[in-house]
Amino acid sequence: MDIDSIEQVIRARRTIRTLSDQAISMEVIDELLTSSSYAPYHSKEEPWEVIIVKTTQDRQLFVEKIMASYDRLDTWARYDQQNLETAKKRTRDYFLDVPVTLIVTAPKHKSEKLNLEAIGAVSAFIQNFQLAAWSKQIGVTWRTIPVIFDEIFKEAVGVVADRQIIGLLDISAIDEKMKIPTSRRKPLEHWTAQLSDKLKK
Ligand SMILES: Cc1cc2nc3c(=O)[nH]c(=O)nc-3n(C[C@H](O)[C@H](O)[C@H](O)COP(=O)(O)O)c2cc1C
């Protein structure tokens, strides 16, 4: 196994919010999902489930449900009211243009431990997907927009009541002309400490 290249992919991956027209085949999505499923998990059953929005018909239904949820949650109240119609159109057009969206869910548990384990495992699954996609020149935006907490939206897109959405993944091929965003991380001294130092008053 080439450890260096794994580290390179981890460090190079960026959230890609620009969409391209390039088609992504179902074979590629299936391959990425299969790789993602090698994430660690700590439950009897593998906790991830994925609803795929790819066909034109599914996309139209999905966007209709997203827009209805934005209205229901009064998400637009936070937008500039003078340009509301433009903002609504931009949002709708964006979601209509995404080549593939994955709705990734985990079971919802009352037990804090089980819930943490489910969210942790499904987050690892999502990161596997992002890294595997990056290595195939495919970009991902992991979205946790308010609609994912809207029970009516969840039901409308086929997520059963005892599951929670961990992310909507917007997927689009990375075009060579696209500007890849830069992203810095704080040096580790900012977020690591020896236990003894941490306990010093
Ligand atoms: C749990 C989670 C939720 C996120 N939700 C959103 C979101 O709703 N919208 C968005 O544009 N990006 C979202 N992101 C992407 C982050 O903004 C992005 O990862 C961060 O800015 C660091 O950039 P990088 O992924 O390029 O390293 C989310 C990321 C994570 C891990």
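Let's start at the ligand of this predicted model. Which residues are around the ligand? They are Arg14, Thr15, Arg17, Thr141, Trp142, Arg143, Thr144, Ile145, Pro181 and Ser183.

Thr141, Trp142 and Arg143 are among the residues around the ligand, and strand S3 covers residues 138-143. So where does S3 sit in the sheet? The sheet is open and has four strands in the order S1-S2-S4-S3, paired in the antiparallel sense. Strand S1 (49-53) and strand S3 stand at the edges with a single partner strand each, so one side of each has no neighbour in the sheet. On average, neighbouring strands here are turned by 25° against each other, if we ignore direction.

Now follow S3 to its partner. S3 and S4 run antiparallel and are joined by six bridges. You can find one of the links at Val140, whose bridge partner in S4 is Ile171.

On to strand S2, which spans residues 100-107. S2 pairs with S4 (residues 163-173) over eight bridges, again in the antiparallel sense.

Finally, let's turn to a helix. Helix H3 takes in residues 56-72, which makes 17 residues, and reaches 24 Å from its first C-alpha to its last. That is close to the 24 Å expected at 1.5 Å a residue. Which residues of H3 are buried? They are Phe62, Val63, Ile66, Ser69 and Tyr70. Viewed down the axis of H3, the buried residues fall within an arc of 125°, so they line one face of the helix. The spacing makes sense once you know that an α-helix has 3.6 residues a turn, so residues three or four places apart point the same way. Turned away from the buried side of H3 is a face that carries the exposed residues Gln57 and Asp71.

Key: Residues are numbered from 1 along each chain as its sequence is written. This is a predicted model: local features need pLDDT of at least 70, side-chain atom pairs count only at pLDDT 80 or more; totals for chains, interfaces and linings use all residues. A residue is near a molecule or strand if its C-beta atom, placed from the backbone, lies within 6 Å of it. Two strands pair if DSSP finds at least two bridges between them. Helices (H or I, at least four residues) and strands (E, at least two) are DSSP runs, numbered from the N terminus. Axes are lines fitted to C-alpha atoms, for helices over the stretch in contact, and angles run from 0 to 180 degrees between N-to-C directions. The expected span of a helix is 1.5 Å times one less than its number of residues. A residue is buried if 20 or more other C-beta atoms lie within 10 Å of its own, exposed if 12 or fewer, and partly exposed in between; C-beta atoms are placed from the backbone. The arc is that of the directions from the helix axis to the C-beta atoms.
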